[in-house]
Amino acid sequence: MKVLVTGGAGYIGSTTAKALEEAGHTPVILDSLMSGPRAFVRDRIFYEGDIADRHLLARVVDEHPDLDCTIHMAARIVVPESVEQPYEYYRDNVAKSLELFDELVALGKPRILFSSSASLYATVEDFEVDETSPLDPSSPYARTKQVMEMALTDMAAATDLRAIILRYFNPVGSDPDLESGVYAREPSHVLGQLVMAAQGQRDSFTITGTEHPTRDGTGIRDYIHVWDLAQSHVVAVERFDEALREVNEPSTIINVGTGQGVTVRELVEAFQKVYGEPVPVTEAPPRPGDAVGAFANVDKARELLGWTSSLSIEQAIASALAWAEKRKQVLGYL
Ligand SMILES: NC(=O)c1ccc[n+]([C@@H]2O[C@H](COP(=O)([O-])OP(=O)(O)OC[C@H]3O[C@@H](n4cnc5c(N)ncnc54)[C@H](O)[C@@H]3O)[C@@H](O)[C@H]2O)c1
């Protein structure tokens with residue numbers, strides 16, 4: 001199959017492009033390189049440009065009339081920045097995505113796989129959420145994802161558009177050949193900060209929030225190896241029509257996680273085990289907006305896609321550490 005991947009120069013998009021190739025498919029990348037590095041699109045069919053550029057989209061489809069599906073990953077993704085710059089987030093994640101969807105339908109390319117986020121979920125008592133659990137997106141970023149879920153659902157009901165919405169939990173790690181991975185200079189997510197503390201790029205790792213109502217007081221997440229996450233896209237593309245037929249709906253939402261909740265303290269422990277040395281840890285109160293967290297109920301992914309994650313948190317940590325060693329060669333910076 002041939003698959004258009006918007007945001008294919010990004011962390012998850014480049015990994016997914018590789019997984020598609022390994023499964024015998026052909027990714028076609030559309031990315032503005034607003035944040036993704038050029039190094040991640042080398043050796044791939046690549047269009048540099050904006051998702052809302054209808055002329056460019058028409059050219060892509062003209063040159064690849066055999067495109068079967070679009071994976072729409074292009075987005076702005078930095079939560080604190082979305083609080084400071086809501087206009088830019090709504091413009092790029094919402095308004096531009098609408099242009100993209102409308103044009104794809106007009107061009108006769110109605111299958112869309114959309115990257116949504118577990119950050120939409122409200123906190124529930126046992127922290128396990130399924131696709132029907134209550135939502136309470138706590139940032140402009142998360143709200144842009146919620147708006148797009150609603151828009152896709154409405155457009156699918158009224159037009160030829162068909163949508164599978166994947167709610168990602170917390171991707172970590174790199175692809176198995178270390179060709180791409182986290183490229184932010186100062187990763188804000190917890191595993192990136194642990195790697196920086198281990199490498200001495202910061203004095204210690206800070207656990208923010210130790211009085212949450214979890215088993216050890218720290219926040220809980222569902223860390224999924226990015227390679228597992230990439231595989232979920234491969235099966236979702238392959239079983240796209242079948243999955244929608246099974247639910248008998250023009251669109252559906254599917255959690256993509258491991259089904260395991262891991263607290264920050266448990267993550268630190270696993271990290272130290274894999275790294276083989278203690279990492280200096282300090283504790284601080286939660287930052288404003290810090291969520292207690294959630295982990296995925298993954299029954300629907302298993303039933304509809306026949307997909308479950310297969311890599312462990314230890315493998316994800318080892319992969320993140322290996323990428324941290326390698327990334328200077330790929331990116332040119334530490
Ligand atoms: N990383 C996570 O923890 C996480 C969790 C849940 C959901 N997601 C979603 O997964 C998707 C991919 O995330 P990622 O971590 O790989 O992010 P990323 O920033 O690495 O990748 C996004 C890519 O989109 C491109 N892009 C942004 N706006 C564009 C536009 N208007 N036109 C063309 N290209 C544009 C960027 O240049 C970048 O390469 C996003 O939609 C994100 O919201 C990510």
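Start by selecting Leu178, which you'll find in the loop between E8 and H6. Keep in mind as you look around that this is a predicted model. Leu178 has a positive phi of about 55 degrees, although it is not a glycine. Is Leu178 buried or exposed? Its relative accessibility is 18%, so Leu178 counts as buried, the cut-off for buried being under 20%.

Stay in that loop and click on Ser174, which sits between strand E8 (170-172) and helix H6 (190-198). With a relative accessible area of 1%, Ser174 is buried. Now show its side chain: what does it reach at 2.6 Å? That would be the backbone oxygen of Ser180. Leave out residues up to four places away in sequence, and Ser174 touches Ser180, Gly181, His225, Val226, Trp227, Ser319 and Trp323.

**Aromatic rings**

Next, show the rings. How many aromatic pairs are there? The count comes to five. For one of them, select Phe40 and Tyr183: the ring centres are 5.9 Å apart and the planes are at 80 degrees, so this pair is edge-to-face. Phe40 lies in the loop between strand E2 (26-31) and strand E3 (45-48), while Tyr183 is in the loop between E8 and H6, so the pair ties together parts that are 143 residues apart in sequence. Phe40 is buried, at 3% relative accessible area, and Tyr183 counts as buried too, at 18%.

Now hop over to Phe101 and Phe114, another edge-to-face pair, with 6.5 Å from centre to centre and 85 degrees between the planes. Phe101 belongs to helix H4 (residues 86-106) and Phe114 to strand E5 (residues 111-117), so here the parts tied together are 13 residues apart in sequence. Both Phe101 and Phe114 are buried.

Then pick Arg185, which lies over the face of Tyr333, at 3.9 Å from the ring centre.

**Strands side by side**

Switch to a cartoon view and select strand E7 (residues 162-168). Six of its seven residues are buried, so E7 is largely enclosed by the rest of the structure. E5 and E7 run parallel and are joined by seven bridges. E7 also runs parallel to strand E12 (residues 251-256), with six bridges joining them. Click on Ile164 in E7: it is the bridge partner of Leu113, and its own partner in E12 is Thr252.

**The nonpolar cores**

In soluble globular proteins, nonpolar side chains tend to be buried together. Which residues have the most contacts inside the largest nonpolar core here? They are Ile71, Leu113, Ile164 and Leu305, in a core of 45 residues. Helix H7 (residues 226-238) gives the most to this core, with eight residues. Zoom in on Leu305: setting aside neighbours within four places in sequence, Leu305 is in contact with Ser232, Val235, Ala236, Arg239, Ala243, Ile254 and Lys300. Another core, of 26 residues, lies apart from that one; Tyr47, Leu56, Val60 and Ala151 are among its members.

**Last stop**

Finish at Asp43, in the loop between E2 and E3. Its phi is near 65 degrees, a positive value in a residue other than glycine. Is Asp43 buried or exposed? At 80% relative accessibility, Asp43 counts as exposed, because the cut-off for exposed is over 50%.

Key. Residues numbered from 1 in each chain as written. Predicted model: local features only at pLDDT ≥ 70, side-chain atom pairs only at ≥ 80, totals over all residues. Heavy atoms only, no water. Helix = DSSP H or I, 4+ residues; strand = E, 2+ residues; numbered from the N terminus. Buried < 20%, exposed > 50% of the residue type's maximum accessible area, 1.4 Å probe, protein only. Polar contact = N/O pair within 3.5 Å; in protein donor to acceptor, adjacent residues only side chain to side chain. Contact = heavy atoms within 4.5 Å. Phe/Tyr/Trp six-rings, centres within 6.5 Å; stacked < 30°, edge-to-face > 60°. Lys NZ or Arg CZ within 6 Å of the ring centre and 35° of its normal. Pairing = 2+ DSSP bridges. Core = buried A, V, L, I, M, F, W, Y, C linked by side-chain atoms within 4.5 Å.
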